[in-house]
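The following note sets out some points for a colleague to consider while viewing the structure. The points move from the contact between the chains to the fold and then to the backbone.

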Protein chains: 2
Amino acid sequence: MSSLERLSFNQMTADPWSLERAVRNCSKSGTPYIGVWRHKLGDDVAQASAMIRRQGLRVSSLCRGGWFSAPTAAERRNRIADNRLAIEQAAVLGAPVLVIVSGPANGQTLHDARTTVLDGLLEVLPDAEKAGVILGIEPLHPMYAAERSVVVTLKQANDLVEQLASSAAGVVVDAFHVWWDPEIMPQIERAGGRIVGFHVSDWPVPLPAILMGRAMMGDGVIDLRKLRQAVDATGYDGPIEVEIFNDEIWKSADDGLLELIQRRFIEHV
Amino acid sequence: MSSLERLSFNQMTADPWSLERAVRNCSKSGTPYIGVWRHKLGDDVAQASAMIRRQGLRVSSLCRGGWFSAPTAAERRNRIADNRLAIEQAAVLGAPVLVIVSGPANGQTLHDARTTVLDGLLEVLPDAEKAGVILGIEPLHPMYAAERSVVVTLKQANDLVEQLASSAAGVVVDAFHVWWDPEIMPQIERAGGRIVGFHVSDWPVPLPAILMGRAMMGDGVIDLRKLRQAVDATGYDGPIEVEIFNDEIWKSADDGLLELIQRRFIEHV
């Protein structure tokens with residue numbers, strides 16, 4: 001049974017909520033961490049950071065950087081600049097991790113797009129090192145290869161982290177994205193010491209939609225506890241983020257959502 | 001550029017067509033092979049087989065066997081019996097290959113379901129050997145792990161074939177299911193001599209639906225030619241099946257469909 005001391009509420013679970021409302025609900029419910037999304041920050045990141053601290057919360061991660069695999073050189077330069085900005089924002093928020101979603105093929109071959117991702121990571125790595133922010137490379141489910149991430153397995157993320165060879169590079173394990181993988185257990189073990197985030201939600205059957213069809217923990221088929229135990233066994237003892245992309249939850253999200261999440265977290269994670 | 005001599009029309013591309021209509025359209029259009037689905041066969045398989053031969057066609061494969069991972073012992077025995085029937089049907093049709101879709105987790109752990117799949121294959125393998133039919137293990141895209149197949153990578157299929165160690169066991173490579181895999185090229189090479197089928201369709205962006213959202217070759221992002229060249233380089237020179245699960249094509253399928261498939265096949269495969 002999980003206690004709540006490692007629970008983090010990832011804002012995307014209730015995207016219609018403002019940052020203020022999300023923080024207030026976390027605080028009221030005794031949820032110690034929040035996973036922040038950049039589009040919710042507003043212009044004054046220092047003010048947002050102060051507001052979060054005043055409510056007694058810590059930021060588990062900032063979502064998201066990456067999207068390196070732009071098809072033109074000009075767009076790639078923009079992506080590098082945006083990642084530098086994201087690293088700064090993470091530092092201001094006291095977020096130890098910037099979650100990296102690598103980017104899709106975007107008209108390139110998968111091989112070329114994957115090379116572009118490594119190049120982009122190498123370019124912004126010194127900024128992350130200087131800022132004390134870890135780039136958390138999150139493999140996405142293979143069904144997102146065409147539109148979101150050419151990094152689709154934990155093996156790839158582990159390979160990238162080895163190539164980056166820096167304490168400012170790690171991996172984020174999201175149960176929804178990796179549960180199907182026959183290599184997941186040895187790759188979690190291999191990631192030991194480099195896991196900087198663990199995300200949970202569930203895979204409902206049938207999956208109602210590709211992007212917005214994730215389910216609350218317990219409403220699907222993922223053995224979340226087994227994955228958490230494997231991640232914990234590597235020594236990871238940081239926050240566990242509940243990140244559910246589900247438009248039904250968005251529509252119905254009220255102030256009781258955190259209590260439901262806490263119950264399911266204790267029961268299933 | 002591909003010639004048409006290896007082209008096979010998989011019936012699922014126009015499921016509303018009867019077997020007779022599909023065979024007639026293949027024959028008229030000069031498509032030499034048909035991939036047959038069992039639910040289209042009717043009661044008299046010998047008659048269906050004779051009808052296909054009269055029209056000058058050959059059967060590239062029969063879809064499908066497998067679904068071994070039933071949750072109860074009784075259901076598993078039913079699955080074994082059904083696979084034995086499918087092997088007989090393939091033999092009557094002169095289909096060299098029975099396509100195997102392994103089956104989903106079905107309430108078991110992925111590990112247990114994968115063990116059940118191996119057990120099921122081992123049980124029906126002697127029947128396949130005796131009938132001269134090859135069990136073609138087809139890894140499905142990981143987004144089908146919960147509902148259709150716990151075998152989700154070509155590496156797994158190759159591992160299974162190694163464990164089966166029989167000339168009646170091989171792998172089927174379907175571009176839609178495997179294109180995202182960072183290990184696909186080395187695993188295709190490893191499969192050399194054991195590839196018994198190659199299926200093509202395309203991955204549109206965005207993917208409109210999980211099951212029925214596949215696209216006509218050229219309407220998506222898969223580098224089909226590169227995959228075909230890799231498969232051919234292993235020595236595979238058998239039929240290439242066009243298998244598109246797409247309800248728009250089902251709705252609009254008319255007798256011109258084969259001509260469109262042929263154009264796209266020549267252009268993109």
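1. Glu183(B) forms a salt bridge with Lys155(A), and the closest N and O atoms of the pair are 3.4 Å apart. The model is a predicted one, and the distance should be read as a computed value. Lys155(A) belongs to helix α5 of chain A, whereas Glu183(B) sits in the loop between α6 (175-178) and α7 (184-190) of chain B, so the pair joins two chains.

2. Salt bridges in number. Across the interface of chain A and chain B, two salt bridges are found. Over all chains the count comes to 28.

3. Polar contacts and the elements involved. Between chain A and chain B there are four residue pairs in polar contact, with both residues at pLDDT 80 or more.

4. Extent of the interface. The size of an interface is often given as the accessible area lost when the parts come together. Here the area buried between chain A and chain B is about 2,000 Å², and carbon and sulfur atoms give 72% of that area.

5. The barrel of chain A. Eight strands of chain A form a closed barrel in the order β1-β2-β3-β4-β5-β6-β7-β8, with parallel pairing. From one strand to the next, the twist averages 30°. Strand β1 (residues 7-10) of chain A pairs with strand β2 (residues 33-37) of chain A in the parallel sense, over three bridges. Within this pairing, Asn10(A) stands opposite Gly35(A) in β2(A).

6. Helices on the sheet of chain A. Helix α1 (residues 19-29) of chain A packs on the sheet and touches β1 and β2 of chain A; its direction makes about 165° with that of β2(A). Helix α5(A) also packs on the sheet, where it touches β5 (134-137) and β6 (169-174) of chain A. The direction of α5(A) makes about 170° with that of β6(A). Helix α5 of chain A is also the element that holds Lys155(A).

7. The barrel of chain B. Chain B has a closed barrel of eight strands, running β1-β2-β3-β4-β5-β6-β7-β8 with parallel pairing. The twist averages 30° from one strand to the next. Three bridges link strand β1 (residues 7-10) of chain B to strand β2 (residues 33-37) of chain B in the parallel sense, and Ser8(B) has Tyr33(B) as its bridge partner in β2(B). Helix α1 (residues 19-29) of chain B packs on the sheet, in touch with β1 and β2 of chain B, and its direction makes about 165° with that of β2(B).

8. Backbone details to inspect. In chain A, the peptide bond from Cys63(A) to Arg64(A) is cis, with omega near 0°; Arg64(A) lies in strand β3 (residues 58-66) of chain A. In chain B, a cis peptide bond joins Cys63(B) and Arg64(B), with omega about -5°, and Arg64(B) lies in strand β3 (residues 58-66) of chain B. Trp67(B), which is not a glycine, has a positive phi of about 50°. Trp67(B) is located in the loop between β3 and α3 (73-93) of chain B.

Notes. Residues are numbered from 1 along each chain as its sequence is written. Chains are lettered from A and ligands numbered from 1 in the order in which they are written. This is a predicted model: local features need pLDDT of at least 70, side-chain atom pairs count only at pLDDT 80 or more; totals for chains, interfaces and linings use all residues. Side-chain values use heavy atoms; hydrogens and water are left out. Buried area is the accessible area (1.4 Å probe) that two parts lose on being put together, summed over both. A salt bridge is a side-chain nitrogen of Lys or Arg within 4 Å of a carboxyl oxygen of Asp or Glu. A polar contact is a pair of N or O atoms within 3.5 Å; within protein, one must be able to donate a hydrogen and the other to accept it, and residues adjacent in sequence count only if both atoms are side-chain atoms. Two strands pair if DSSP finds at least two bridges between them. Helices (H or I, at least four residues) and strands (E, at least two) are DSSP runs, numbered from the N terminus. Axes are lines fitted to C-alpha atoms, for helices over the stretch in contact, and angles run from 0 to 180 degrees between N-to-C directions. Contact means heavy atoms within 4.5 Å.
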